[in-house]
Amino acid sequence: MINDPSAAFLANAQPDCEISGKEPRLGGELREKAVWVDESVCIGCKYCANVATNTFVMEPIMGRSRAIRQDGDSTLIIQEAIDTCPVNCIKWVMFEQLDSLRAQLAAMEIKPLGMLSKGSRKIRIQEN
Ligand code: SF4
């Protein structure tokens, strides 16, 4: 009997599995909610990025934290990072909300941290 290699393309690799969109891609644990940073509130302290190092990075232009992946750290570690945030701007949200939240942020025209507003001047202290 000769095996037909093209048969492999006809077989369903996971016949009993329905894709829900919530599957961990790299072996992370299943999680109901996604983590999201409200960058309009973030003060750039870096606490979260130091705790959940595989989830949060400091965005280099704006100087604010961003959740770059959802399966990088355990729920416990991410919750610890959330608890360290001094301005409470990291939230658990529904995965379906992420696109809308990102769009709202993009529409806000957030300025990079430490940037002076137009017309502002640096304060100079006179030395005697
Ligand atoms: S802990 Fe909060 S304020 Fe600090 S960098 Fe992270 S998100 Fe921003």
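What follows is a friendly conversation about a predicted model of one chain.

Colleague: What makes up the chain in terms of helices and strands, and in which pattern?

Modeller: The chain has three helices and four strands. Along the sequence they come in the pattern β-α-β-β-α-β-α.

Colleague: Why is G44 called partly exposed?

Modeller: A residue is buried with 20 or more other C-beta atoms within 10 Å and exposed with 12 or fewer. G44 has 16 C-beta neighbours inside 10 Å, so it counts as partly exposed.

Colleague: Where does G44 sit, and which residues is it in contact with beyond its sequence neighbours?

Modeller: G44 lies in the loop between β1 and α1. Leaving aside neighbours within four places in sequence, G44 is in contact with M58, G63, R64 and L113. Take R64: it is 20 residues from G44 in sequence, yet their C-alpha atoms are 4.7 Å apart.

Colleague: Which residues of the largest nonpolar core touch the most other members?

Modeller: That core has 13 residues, and C48, A81 and I90 touch the most other members. The elements that give two or more residues to the core are β1 (33-37) and α2 (75-84). In soluble globular proteins, nonpolar side chains tend to be buried together.

Colleague: What makes I90 a contact partner of A81?

Modeller: Two residues are in contact if their C-beta atoms lie within 7 Å. Leaving aside neighbours within four places in sequence, I90 is in contact with V35, V37, C48, A81, I82 and C85.

Colleague: How much of the chain counts as buried?

Modeller: Of the 128 residues, 14% count as buried. As for contacts with a separation of 6 or more, 67% are between residues 24 or more positions apart.

Colleague: And the ligand: which residues come nearest, and which classes are in its shell?

Modeller: Of the 16 residues around the ligand, C42, C45, C48, S65 and C85 come nearest. By class, the shell has 11 nonpolar, three polar and two charged residues.

Key
Residues are numbered from 1 along each chain as its sequence is written. This is a predicted model: local features need pLDDT of at least 70, side-chain atom pairs count only at pLDDT 80 or more; totals for chains, interfaces and linings use all residues. A nonpolar core is a set of buried Ala, Val, Leu, Ile, Met, Phe, Trp, Tyr and Cys residues joined through C-beta atoms within 7 Å. A residue is near a molecule or strand if its C-beta atom, placed from the backbone, lies within 6 Å of it. Ala, Val, Leu, Ile, Met, Phe, Trp, Tyr, Cys and Pro count as nonpolar, Asp, Glu, Lys and Arg as charged, and the others, Gly among them, as polar.
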